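Work through the exercises below with the model open. Each task is followed by a solution in steps.

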Amino acid sequence: MDNVTSFTYFLLVGVSSSQELQVLQGLLFLVIYLGALTGNLITVALIVTDTRLHAPMYFFISNLSLLDLGSISVIVPKSIVNSLTGRRTISLQECAAQIFFYILFATVEFAILVVMSYDRYVAICHPLHYGLVVTTRMCIQAAGGSWACGLIYSAIHTGSMFRLPFTKTNLIHQYFCDMPQILRLSSPDVQFSEFVIIAASAGLVVVCVAFVLMSYINIFSTVLKICSAEARSKALSTCVPQLAILLLFVISGQQAAPGPSNWDALQTPFTEASGSPQFFCDVPRD
């Protein structure tokens with residue numbers, strides 16, 4: 001049997017090899033992180049303290065703010081410390097934790113955005129039924145279901161990617177544990193299982209996006225029938241920002257998804273098997 005080296009840590013390649021530029025990057029990330037931290041905490045504090053904002057829409061917005069805070073806190077603080085201290089290593093456990101929590105927060109955020117589209121659909125298209133359909137219990141169940149789906153999905157992904165040792169190399173061409181980079185270093189068995197999971201996930205995402213698009217098509221068709229310009233403007237002001245956030249989320253996720261080179265690596269084991277696969281802050285508005 002050949003001697004195989006199993007790596008217990010990864011080497012992160014920063015934006016630049018220059019220590020001065022790395023320090024500058026760390027300071028820039030620190031400013032952005034503090035700004036995002038402050039904005040999201042202010043948003044949550046306003047929603048919690050202002051009784052006029054104790055409504056389902058603002059409940060979901062506060063959840064989005066906390067999820068955004070969690071998403072950036074998973075990656076940015078570690079990157080800041082590495083940039084300022086010149087460290088380049090991250091342990092296998094830390095890398096797994098980064099991927100687990102990042103997938104968790106991203107999945108829950110997407111689910112919450114889908115729920116928010118339904119909330120706006122009921123509020124604008126069926127306003128008389130809104131109080132009966134979108135209740136406090138329904139909001140709590142929707143948020144709890146989103147978190148449960150995120151936990152299950154993240155656990156499946158992370159368990160699949162880290163179930164086998166990494167023996168190819170431990171060099172990651174990113175300043176954090178990027179999922180496509182981890183897949184590039186994984187064994188063919190792991191790449192195949194991840195291909196299956198991602199393919200199934202893509203199908204679910206398409207269904208959710210179709211649901212959201214149908215919701216907003218009905219919303220805009222209803223808004224256009226409103227005679228009052230003031231009422232039309234108020235209705236649009238509550239759903240257009242959410243649609244913009246959803247589009248930004250989907251586009252960002254598409255850009256972060258495995259590129260052609262990574263998909264080639266994933267498709268190889270699938271073919272063989274077949275033959276013998278952010279920083280933003282939500283601001284509440286009336």
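**Exercise 1.** List which residues Met161 touches, not counting residues up to four places away in sequence, and decide whether Met161 counts as buried or exposed.

Solution. 
- Step 1. Contact means heavy atoms within 4.5 Å. Leaving out residues up to four places away in sequence, Met161 touches Ile99, Ile103, Phe166, Met179, Ile182, Leu183, Ser186, Val190 and Glu194.
- Step 2. Buried means under 20% relative accessible area, exposed over 50%, and partly exposed in between, with a 1.4 Å probe and protein chains only. Met161 has 0% relative accessibility and therefore counts as buried. Its place is in helix α5.

The model is predicted: local features need pLDDT of at least 70, side-chain atom pairs count only at pLDDT 80 or more, and totals for chains, interfaces and linings use all residues. Residues are numbered from 1 along each chain as its sequence is written, and side-chain values use heavy atoms, with hydrogens and water left out.

**Exercise 2.** Locate Leu183 and classify its burial.

Solution. 
- Step 1. Leu183 lies in helix α6, residues 179–185. Helices (H or I, at least four residues) and strands (E, at least two) are DSSP runs, numbered from the N terminus.
- Step 2. The relative accessible area of Leu183 is 3%, so Leu183 is buried.

**Exercise 3.** State how many helices and strands the protein has and in what order the elements run.

Solution. 
- Step 1. The secondary structure amounts to 9 helices and 3 strands.
- Step 2. Starting at the N terminus, the order is β-α-α-β-α-α-α-β-α-α-α-α.
- Step 3. Of the 286 residues in the protein, 42% are buried.

**Exercise 4.** Describe how α2 packs against α1 and against α3.

Solution. 
- Step 1. Two packed helices are described by the angle between their axes and the distance between the axes. Axes are lines fitted to C-alpha atoms, for helices over the stretch in contact, and angles run from 0 to 180 degrees between N-to-C directions.
- Step 2. Helix α1 (residues 19–49) meets helix α2 (residues 56–85) at about 160°, the axes being 9 Å apart. The two are therefore roughly antiparallel, a label for angles over 145 degrees. Their contact has 19 nonpolar, 11 polar and 1 charged residues.
- Step 3. For α2 and α3 the angle is about 160° and the axes are 9 Å apart, so α2 is roughly antiparallel to α3. Here the contact divides into 17 nonpolar, 3 polar and 6 charged residues. Ala, Val, Leu, Ile, Met, Phe, Trp, Tyr, Cys and Pro count as nonpolar, Asp, Glu, Lys and Arg as charged, and the others, Gly among them, as polar.
- Step 4. Ser71 is in helix α2. Beyond its neighbours within four places in sequence, Ser71 contacts Tyr102, Phe105, Ala106 and Glu109. With 12% relative accessibility, Ser71 counts as buried.

**Exercise 5.** Identify which members of the largest nonpolar core touch the most other members.

Solution. 
- Step 1. A nonpolar core is a set of buried Ala, Val, Leu, Ile, Met, Phe, Trp, Tyr and Cys residues joined through side-chain atoms within 4.5 Å.
- Step 2. In the largest nonpolar core, of 36 residues, Phe60, Ile112, Met116 and Ile219 touch the most other members. α3 gives the most to this core, 12 residues.

Key
Angles under 35 degrees count as roughly parallel, over 145 as roughly antiparallel, 65 to 115 as roughly perpendicular and the rest as oblique.
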